[in-house]
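Hi there,

Here is the structure I promised to pass along. My notes follow below it.

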Amino acid sequence: MTSAPTTTTTVRRVRPADAARMRALRLEMLADSPLAFLETVAEAAARPHAEYAARIAAVSQGEHNAQFVADPGGRLVGHAGGTVAPDEPGLTVIYAVYVTPFWRGSGLLGALVDEVAAWSRACGRPELMLEVVVGNGRACRAYEKLGFVDTGVRVPHPRIPTLHELQMRRPA
């Protein structure tokens, strides 16, 4: 097991200028954790850069959808997104959470979730929810350490019918 990095990193909302680095991180996320995300590496790699740039510009501002990154200066090493829940106006759904392997255990997961939580509160949404593939004990334990609680709700995985996801919630 590697020790936590000693380099500092900034956790912040994405900026339009991050599009190329965000694309590189997205491809890494999909290769490293293919069950956790809603597209394949091949699908993401086939997407034109202009589409990535437009997506990043869209989530760099506003109250409905936001993405946050861990930036040590160079390659991005972490990501977490938040979006408004259509049926629960007081809820932010956290999505696409990822920390590159070398940075796991460094506190970046908590910093990323804290940024989503602060944004959620600022938008008037006092609760957070996320989903984890059933059986991913490492992720569940990490989220429990951040105050998330398994709600007992299980939903089908959106792409793989044989898998289910569990929902976890906590105050923002």
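His79 faces Tyr98 of strand 4, where strands are DSSP runs of E with at least two residues and helices are runs of H or I with at least four, numbered from the N terminus. Strand 3 (residues 78–85) and strand 4 (residues 88–99) run antiparallel and are joined by seven bridges; DSSP must find at least two bridges for two strands to count as paired. A hairpin of two residues links strand 3 to strand 4.

Before going on, the ground rules: this is a predicted model, with local features needing pLDDT of at least 70, side-chain atom pairs counted only at pLDDT 80 or more, and totals for chains, interfaces and linings using all residues. Residues are numbered from 1 along each chain as its sequence is written, and side-chain values use heavy atoms, leaving out hydrogens and water.

Strand 4 also runs parallel to strand 5 (residues 127–133), with three bridges between them, and Thr92 sits opposite Leu128 in strand 5. Together with helix 4 (residues 108–122), strands 4 and 5 form a right-handed β-α-β unit (with the strands pointing away from the viewer, the path from the first strand over the helix to the second runs clockwise).

One for your backbone checks: Ala96, in strand 4, has a positive phi near 50° although it is not glycine. Most residues other than glycine have a negative phi. Ala96 is buried at 14% relative accessible area (buried is under 20%, exposed over 50%, partly exposed in between, with a 1.4 Å probe and protein chains only).

Finally, the whole structure holds zero disulfides (cysteine sulfur pairs within 2.5 Å). Cys123 is buried at 18%, and Cys140 is buried at 12%.

Best wishes
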